[in-house]
Amino acid sequence: MIRIAKGWLRETSLNFNPEMLSFLAHRITGLGVVLFLFGHMFSLGTRMLGPDAFNRTMRAYDSPLFHFFEWALFIACVFHGLNGLRIIAVDMLSLTRKQRELTFWVVAVTAVLAAAAMLFFFPTVRDAVTF
Amino acid sequence: MQERKPGMWTWLLQRLTALYIFFGLVVHFYLHHFLMKPGNEAVTGERFFTAQQIADRLSSGKPMLGFSATGWAVFYLLLLFSCAYHGFFGVVKVVEDHVTDPKVVKAMNWAAWLLTALMMAVGIAVYRSLAGGSLFTLAQGGM
């Protein structure tokens, strides 16, 4: 793992450009979401111990720290998903020359959705904005 | 005769599962943040979906977003398969860039299939408990 991470750092420093950064971010967000999948199954799996155990687990997640994690997960999913669509579009529609422009759009849309999502993931933000 | 390319099916399935995950997560997010209201916030201050609320949605005969109980079972189990396959084979692809030994690559592919199968087995058991019953009973509800 350390060898792979070092390789990524070396490649990124040698080819420091938006496409390389998006390649790196795609891999990091992908690995993060795979790790989350295990945690999600574990959390939902508490239902097998009974409804009270499930409700207790969900109640524990209703905290500022976990709200932040949920928001970070949302950003990771949005970026990974949109960047994945960009990769498919570049492959299928021969948009190689538009790669950089599309990369900027992916980052811009992710940023806008991340800002908007604060309303859904942070109750304090939602209460402050909702009059 | 065309040459058979061994990685072609994996590549195609990666693309197809990616598209389904994108669709699935949009539905999942819309449902949880727009259509449904979590818990009984007004009464007890709880801001999460309770076990009862989830069971009602997954096993109710009343369709939501056009999905009945069976529809939700198919939707979520397909989403779980897509996430597991896309995730585990995605990790294999990442490692493949750094490992050249074909035996190791083959073993990793088998491990990814095994993990996908395990995730599905656990997922079906968890889904059954979340729906508050048997998957097969739910399947009688029609799509």
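Helices are DSSP runs (H or I, at least four residues), numbered from the N terminus. In this predicted model, B:S82 lies in helix α4 (residues 69–96) of chain B. Local features need pLDDT of at least 70, and side-chain atom pairs count only at pLDDT 80 or more. Residues are numbered from 1 along each chain as its sequence is written.

**Surroundings of B:S82**
- The B:S82 side chain comes to 2.8 Å from the backbone oxygen of B:L78.
- Leaving aside residues up to four places away in sequence, B:S82 is in contact (heavy atoms within 4.5 Å) with B:T17, B:Y20, B:I21 and B:G87.

**Nonpolar cores**
- A nonpolar core is a set of buried Ala, Val, Leu, Ile, Met, Phe, Trp, Tyr and Cys residues joined through side-chain atoms within 4.5 Å.
- The largest core has 42 residues, of which B:L58, B:W72, B:Y76 and B:Y127 touch the most other members.
- Helices of both chains each supply at least two residues of this core, including α2 (18–45) of chain A and α5 (102–130) of chain B.
- With 14 residues, α4(B) gives the most to this core.
- A separate second core of 10 residues includes A:F79, A:V106, A:A117 and A:F122.

**Helix α4 of chain A**
- A:L85 is found in helix α4 of chain A.

Notes:
Chains lettered and ligands numbered in written order. Heavy atoms only, no water. Polar contact = N/O pair within 3.5 Å; in protein donor to acceptor, adjacent residues only side chain to side chain. Buried < 20%, exposed > 50% of the residue type's maximum accessible area, 1.4 Å probe, protein only.
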